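Colleague: Could we go through the aromatic rings together?
Modeller: Happy to, let me bring up the model.

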Amino acid sequence: MRTEFLPFSSPTIDESDIAEVVATLRGGWLTSGPRVREFEQRFAERIGAPHAIAVNSCTAALHLALEAVGVGPDDEVITSTMTFAATGEVIRYLGARPVLVDIDPATLNMDPIQLEEAIKHCRRPRAIIPVHIGGLACDMDPIMALAAKNGLRVIEDAAHTLPTLYKGRMIGVIGDITCFSFYSTKTITTGEGGMAVTADSALADRMRVMSLHGISKDAWKRYTAAGSWYYEILAPGFKYNMPDILAALGLSQLRRVDEFHARRCAIARRYHEGLKEHSDVIELPPDAAAGGMHSWHLYIIKLNLGAWRLDRAMFIEEMKRRNIGCSVHFIPLHMHPYYRETYGYAPTDFPHAKAVYERIVSIPIFPGMSDADVDSVIDAIREIRGQFAV
Ligand SMILES: *Cc1c(COP(=O)(O)O)cnc(C)c1O
């Protein structure tokens, strides 16, 4: 058994990250400035998208994206119930109504057939927010086709996808706007941070202006030699800009994104190999479909509950007793008090999400894990199986 606790996730920070942040601190420019512009440029290049706007969270990016495509009061925005709080709340920020849909239990992603049904029942549908759970791409072709047919915008919640491919295309070049997260557990981190990516220059301009108080372009320059004291407020914007200190960390993390991804893939392969003998009691996560690439931000196993004398919560407790941290992604939105009380959702409304929620466990995966760490997780599962499988 492990003597040291293995967290479910941990950021990978090395001396190059620290040096980059320290150099920015010594440079004397701390808020949004040249490092942010450079981070945006490098990020856009990595994705292959024309525009990238750095902000202080993915939540902020999603909010700006919905605002930019014109979502407003009484509009409807359709998203998957299997997501984090952020995806649903940004719809409410604009006074719009979140319309939730069920998932494909195999992938945990939005089911396009349920999406089509939901659109039929909407009065003022405006946008769809697909969520690529764990870094496995949603089936974007039918989603984009439904959006085109119904005149809807597609804002992707890509908090888990750096880097993910769908049929050879990078997540970030498919929907109208794609939003990434640099929260501490995500595939690259700035501590807190996010990025909105788009090919549409009008949407990019709107998000840029709204990310900093709705002030006319390049407002941040007003305190530099190149700037001027004069500015104009064009709209009541938000305070969502990313500071240069964080962009510095983002730049050095982005340089290693492929190295991080290679390690995540190796860990996922080791789990597949080590856990496949338990496939009668545990369902392993599917890899990407043909032409795709999984980011392996999360490695989500599903307990075949009938084969166990414990439930998911007890399984996580048993892992914890063996010094291994696990998590659950996610508790479906429709099962939370706010969504039940405000929109009248019942837990049974989305049977696939509810049933799969009771079975899912995210086991540790992050680039800093050693092979011995991975093996200790596999050993713990074998041990728990020995004790608790029927
Ligand atoms: C982390 C996460 C977010 C929010 O990201 P922040 O950068 O913390 O705002 C949104 N959606 C999903 C699916 C996430 O996992």
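Colleague: Is Phe39 buried or exposed, and what is its relative accessible area?
Modeller: This is a predicted model, where local features need pLDDT of at least 70, side-chain atom pairs count only at pLDDT 80 or more, and totals for chains, interfaces and linings use all residues. Residues are numbered from 1 along each chain as its sequence is written, and side-chain values use heavy atoms, with hydrogens and water left out. Buried means under 20% relative accessible area, exposed over 50% and partly exposed in between, with a 1.4 Å probe and protein chains only. Phe39 is buried, and its relative accessible area is 0%.

Colleague: Thanks! How many aromatic pairs does the structure hold?
Modeller: Rings of Phe, Tyr and Trp (its six-membered ring) pair if their centres lie within 6.5 Å; planes under 30 degrees apart count as stacked, over 60 as edge-to-face and the rest as tilted. One of the pairs joins Phe39 and Phe43, edge-to-face with 75 degrees between the planes and 6.1 Å centre to centre. The number of aromatic pairs in the structure is 15.

Colleague: What kind of aromatic pair do Tyr345 and Phe350 form?
Modeller: Tyr345 counts as buried at 13% relative accessibility, and Phe350 does too at 10%. Their ring centres are 5.6 Å apart, with 50 degrees between the planes, and the pair is tilted.
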